[in-house]
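Keep the model open as you read.

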Amino acid sequence: MTTHTTANTAPDKILLSVRGLKKHFKIGGSSLLDRKGRILKAVDNVTFDVFQGETFGLVGESGCGKTTLGQTIIRLYDPTAGEIVLNGQNIAGLGESAMRPLRRNMQMIFQDPASSLDPRMTVGDIIGEPLDVFKIGSKAEQKERVQDLLKVVGLNPFFVNRYPHEFSGGQRQRIGIARALALNPKLIICDEAVSALDVSVQAQVLNLLRDLQAQFGLTYIFVAHNLSVVAHISDRIGVMYLGRLVEMGTTTQIYDTPKHPYTQALLSAIPIPSVGGKKRQRTILQGDVPSPLNPPSGCPFHPRCPIASLPKCAVDVPAFEQKASGHWAACHLAQ
């Protein structure tokens, strides 16, 4: 396993601090039969820090709230409760006018490079749009900046007049990365940034992201469902289940000494070469992720947990506690 270490990561330089963050959606409530509606707890009481210059990975099955968490942090969604402190300023309750000048500090790389790029706009217009919105530089300076960004992400600067459909999936994602870099942001959220790409192209984009981080001192939140991909690029990893963080630690801690049975199950699903006929013991989880509209009582993972102790796990919600230095888990039976 390759562990990525960022040289300028320092524990006293917290860029982002998330405290008790919640994002709930009201479902229904518009009919006579369902006046109250139901509450979908997409993100439920999440707390973590991201250090300047590091990559913080978020991993979990589809539907566990990773993308909603990223979009709430960047304020594409308004949080239901909690704090989002970016560079010392709590942005959770700011209105749109107050948020506008701060948005240049946060950018997102989306999952599908095809749908995230306007097919009616040229590559030059797409990458240059943030510069135009924030009125940075003259037209000539903006054009020069766009060409420089294309070179930075490994594309020909003379492609500025081409359209997105003229590029491959990997090239379109590089265009999305160039757009995210245009305003020199402090934080970039990579939302499944490589999951829609071929495996060989995934490696190229991951290496590009690491090179850009070293070159510009970027800070990433890297969202993915593939734990091996997250481990390749991340300094620390948070494991999400049903809208909550169930484990968090360094990449080495999560890989070598996982505390939570859900993390252990995710790790067991990663294919590894068989050496001398020895195979990894696979943990097969029963059933699917429960609906966040009707979450289980107690520990949200207990209906699928292979080591659950009843009735304790079905009644008491486990606290998110530090089990070792820098290693946190929410499990009554954490090993």
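When we say two residues are in contact, we mean that they have heavy atoms within 4.5 Å. Bear in mind that this is a predicted model. With that in hand, look at where helix α5 meets helix α6: Gly170, Gln173, Arg174, Ile177 and Leu181 come from α5, and Val201, Gln204, Val205, Leu208, Leu209 and Leu212 from α6. By type, that makes seven nonpolar residues, three polar and one charged. The axes of α5 (residues 169–181) and α6 lie 10 Å apart, at an angle of about 20°. Angles under 35 degrees count as roughly parallel, so that is what α5 and α6 are to each other. The crossing is right-handed.

Two of those names come back in the largest nonpolar core, which has 58 residues: Ile177, Leu209 and Phe222 touch the most other members. Helix α6 (residues 199–216) is the top contributor here, with six residues. As for Phe222, its contacts beyond four places in sequence include Thr55, Phe56, Gly57, Leu58, Cys190 and Leu209. There's also a second, separate core of 29 residues, with Leu15, Val46, Met106 and Ile189 among them.

Contact residues include Val123, Ile127 and Leu131 of α3 and Val146, Leu149 and Leu150 of α4. In total, this contact divides into six nonpolar, three polar and three charged residues.

Terms used
Residues are numbered from 1 along each chain as its sequence is written. This is a predicted model: local features need pLDDT of at least 70, side-chain atom pairs count only at pLDDT 80 or more; totals for chains, interfaces and linings use all residues. Side-chain values use heavy atoms; hydrogens and water are left out. A nonpolar core is a set of buried Ala, Val, Leu, Ile, Met, Phe, Trp, Tyr and Cys residues joined through side-chain atoms within 4.5 Å. Buried means under 20% relative accessible area, exposed over 50%, partly exposed in between (1.4 Å probe, protein chains only). Helices (H or I, at least four residues) and strands (E, at least two) are DSSP runs, numbered from the N terminus. Ala, Val, Leu, Ile, Met, Phe, Trp, Tyr, Cys and Pro count as nonpolar, Asp, Glu, Lys and Arg as charged, and the others, Gly among them, as polar. Axes are lines fitted to C-alpha atoms, for helices over the stretch in contact, and angles run from 0 to 180 degrees between N-to-C directions. Angles under 35 degrees count as roughly parallel, over 145 as roughly antiparallel, 65 to 115 as roughly perpendicular and the rest as oblique. A crossing is left-handed if the near helix is turned anticlockwise from the far one by less than a right angle, and right-handed if clockwise.
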